[in-house]
Amino acid sequence: METQVAKAVVRTADAPMPLAGYSQAVVSRGLVFVSGQGPFDAGTGDVVGTTIQEQTAQCLRNVQAILKAAGSDLDRCVSATVIIAEEGDFAGMNEEWQRWFPTDPPARQGARLPVRPKGMKISVAAIAEV
């Protein structure tokens with residue numbers, strides 16, 4: 001017998017709207033799964049910042065807005081995926097990351113960004129408890 005799992009799609013105008021066939025986030029089984037967020041302004045769609053630190057902060061602001069809409073927050077984040085365009089930006093990204101997660105940071109994995117739409121240097125996805 002197959003069990004149905006309820007899921008709820010999360011949408012907020014406080015973060016950029018998806019450009020393709022995906023949701024900003026989905027809540028299921030007590031977790032919120034946030035799709036990769038670039039450093040885009042929710043109102044204009046423009047990239048915010050030119051440095052990796054500025055762009056990391058904007059990605060995390062977007063993730064935070066989506067988590068808030070889902071009834072969660074960054075302090076409930078258990079895992080994150082960070083994708084950067086240039087390996088040389090890792091130290092700057094990590095510096096900003098530590099400002100947002102000064103203690104008990106989430107588990108994290110990283111990768112290199114193969115495509116750079118609109119000059120973005122970074123994308124951040126997250127999983128958090130609701």
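How much space lies in the largest pocket? About 350 Å³ lies there, in a predicted model whose local features need pLDDT of at least 70 and whose side-chain atom pairs count only at pLDDT 80 or more, while totals for chains, interfaces and linings use all residues. Residues are numbered from 1 along each chain as its sequence is written, and side-chain values use heavy atoms, without hydrogens and water.

Select Met17, Leu19, Tyr22, Gly38 and Phe40 to begin: of the 19 residues lining this pocket, these are the closest to its centre. A pocket here is an open set of points on a 1 Å grid over the protein atoms alone, where a 1.4 Å probe fits, with protein on both sides within 12 Å along at least five of seven lines; lining residues have an atom within 4 Å of a point. The volume is the space filled by probe spheres set on the points.

Next, select Val32, Val34, Trp97, Ile122 and Val124, the residues with the most contacts inside the largest nonpolar core, which has 26 residues. Such a core joins buried (under 20% relative accessible area, 1.4 Å probe, protein chains only) Ala, Val, Leu, Ile, Met, Phe, Trp, Tyr and Cys residues through side-chain atoms within 4.5 Å. The largest share, 7 residues, comes from α1; helices are DSSP runs (H or I) of at least four residues, strands (E) of at least two.

Centre on Val124: its contacts (heavy atoms within 4.5 Å) include Cys59, Val63 and Trp97.

Finally, select Arg29, in the loop between β2 (25-28) and β3 (31-37). Arg29 has a positive phi of about 50° although it is not a glycine, and is exposed (over 50%) at a relative accessible area of 66%.

Note on methods: Lists of a residue's contacts leave out its neighbours within four places in sequence.
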